[in-house]
Amino acid sequence: MATADEYAAWLVSNSARRGTPEFDTVAIAYEQAKAEERGAQERARPPAPPPPPSLGQQALGAAETALALGTGATTGAVGFVGGTVVGMGREIARDILSGRSGTREANQLIDAAAQRGAPMSMGDRARANQPEAMASMRRVFQTAQQGAQALTYAPRTAAGREMTQEAGQFLGEALPPVLPIIGAPGAVLSGVRQAAPMAAQAATAAAPVVQAVAQAPVRATRAIQSAVGIGEAARPAATAATAGRASTGAAATPLELQRFTEAEMAGLRLSEGEMKRDPELLAVEKEQAKTPGIQGPYLQRQQENNQAALRNLEQVLDSTGAETGDLAGTGIRVVDTLMSGWRGEKAKTDALYTKFRKSPEAQAPVDVAPIVAYLNSQPRGVSGITGVPDTARQNAVALGIAAEGPDGALVPGVGTTLGGLEEFRQSVSAISAGNANDKRLAVELKRTIDAIGNPIGGEMTRAMRAQRQRQAQKYENRAIVARLLLQKKGVDDAQTPVEDVFQKTILGARPSEITHIKRVLSTIPDEEGKQAWSELQGATVRHLLAQAESGIGADNLPVISGAKLDRALRAFDQNGKLDLVMGKAAAEQIRTLNQVLKYIQSTPPLTSINNSGTARTIIALMAESAAQGAAFGVPLPIIQGAKMLRDNIKDRRTRERITQALNYRPEGAGPARQSTGATP
């Protein structure tokens, strides 16, 4: 049985067959395989991380952090000092009860201290009996910590505990160690030594106050929980709802894999919202991309994707092998190449005609009576109607094919040969047909001539006629080529200026006309025709690039607009013109880039994005008001510190979510490709 990835790859590569029984069968097999893999992954997957706290939980956590900081700076400090005094008293009592006080060892230590003129210090004790001294110091410090913890409020919610932990790291790294409970160990010991002389009196006097202060955080926390509607009973339901929502859509869909594959092919990277086309995710990402302070990764990704799009189009341009860089250069190259090809074909035709005139076939007599009869049947002297017959009558008399009788009618000439008949045919082909009626009359006259000469002519005549026909079909009978070679009547200017060659031959041409000029250029020898076609391909890519540009980016590179590129492609790619001009591989590369840019620069219907920033301002004010209201009665510096901590934690979580979204890969996407830019 195939894996879900193999089924998904088949569905992506055969998306054009959607709706067929075969496609539906593979889709059902994919869903079954995916369900089995998902079950195995769920059984092996570690527990999901807890969901981020809500706004109310953040407010409650900020309040608990403020209370913890406040009690730590006041009652906790008193408890720490009191615990230190109690611990030191216990150690002195321990020495007395152990019998060391008054012993020879102790007297020696006291005598040594007296000789120095100073009381015995803890360092002296440590040097005399280091293991016992260190253990004694640890017991004193543990007793001090217990005293501080007993008079310091401990947060009861997960958000409060996390924010308090962040407070220790933040204040320990960014601020002076002003709070004994949070400051560095050196600062704590220094505070203890300075407060030791008054510890006993402070502990005794503060006992009633400490008890009241210790109960205040509990009452405040319960009041806040009641006010914002967050209690122990409400928390599990919110967590379950959030966890269920987070797991939705974890399995990659065929469309998600298709978008990922297309982006990989184009060299661009999609975010999670862009890949899933989820309106809610896209709304969050677009809002974050407009928010100062956290928009940096989005701006960097936008610049990287724009550079990749430019490289993509430049790669297509390089693959064409075009050498000219503007429309005038392209037009000159195409016109000169076509003119060279026409001269080559004409030289071949002239050579065959010269050989024919010298051959015995050209001397064979012919009966021109059918030609004379046709010309006599046509009206004469009617402007705009009889131009071809009138000119043909004059040419027939000049070449001796016919003579004019007394009544003005033509009579057959004497001694007309096959060579003379062919000259008369050439003169008819040279007559300019100004309208459809002239073209019809010229064709009918040449058919009459061929009906006379073809049965008489041999192999040389047929080769000469075939070469002349090839010349006409390539360069004279189709306007897309003829108008590039002809000049305006009475002047030396070309009918088509070189700057307009690309417009006439590619942009404004029908597929059949493009096919014809491509075929003509491919028959011109010495690679000149192929290079001229390459110039037209290069001009096509430059046209799309120019149409897609939308200003200059911060890196001084043109910014590619997906909407403009899509409009340019829809205007150009009519009836498969892009495949016809660029080839299927290059055309598919351009279309894939266009599709990926639409994933990045467009949003599905009903995606709500606030472009004014009002929502961000309201949310910030609500968060600040909630934090300050929850911490009512706490000194202002602690409120500001709690707000700084809240913002620091929020920014860190937001940046983590941004990094996860920008580096999202769907299940079954295969190994990550090497990134060409920095990872946010």
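**Helices that pack together in a predicted model**

Me: At roughly what angle do the axes of helix H25 and helix H26 cross?
Reply: Helix H25 covers residues 528–548, and helix H26 covers residues 562–572. Helices here are DSSP runs (H or I, at least four residues), numbered from the N terminus. Their axes come within 7 Å, and the crossing angle (0 to 180 degrees between N-to-C directions of lines fitted to C-alpha atoms over the stretch in contact) is roughly 140°.

Me: Which word describes how H25 lies relative to H26?
Reply: Under 35 degrees counts as roughly parallel, over 145 as roughly antiparallel and 65 to 115 as roughly perpendicular, with the rest left over. The crossing angle of H25 and H26 is roughly 140°, which makes this pair oblique.

Me: What should I know about the model behind these values?
Reply: This is a predicted model, in which local features need pLDDT of at least 70, side-chain atom pairs count only at pLDDT 80 or more, and totals for chains, interfaces and linings use all residues. Residues are numbered from 1 along each chain as its sequence is written, and side-chain values use heavy atoms, leaving out hydrogens and water.

Me: Which residues of H26 does H25 meet?
Reply: Start on the H25 side, where Thr540, Leu544, Gln547 and Ala548 take part. Contact means heavy atoms within 4.5 Å. Across from them in H26 are Lys564, Leu565, Ala568, Leu569 and Phe572.

Me: How many residues of the contact of H25 with H26 are nonpolar?
Reply: Let's sort them by class: Asp, Glu, Lys and Arg are charged, Ala, Val, Leu, Ile, Met, Phe, Trp, Tyr, Cys and Pro are nonpolar, and the others, Gly among them, are polar. In this contact of H25 with H26, two are polar and one is charged, while the nonpolar residues number six.

Me: How far apart are the axes of H18 and H20?
Reply: Helix H18 spans residues 387–398 and packs against H20 at an angle of about 40°. H18 and H20 are therefore oblique to each other. Their axes are apart by 8 Å.

Me: Which residues of H20 does H18 meet?
Reply: H18 brings Gly387, Val388, Pro389 and Ala392. The residues of this contact of H18 with H20 divide into six nonpolar, one polar and one charged. On the H20 side you will find Asp438, Leu441, Ala442 and Leu445.

Notes
Helices (H or I, at least four residues) and strands (E, at least two) are DSSP runs, numbered from the N terminus.
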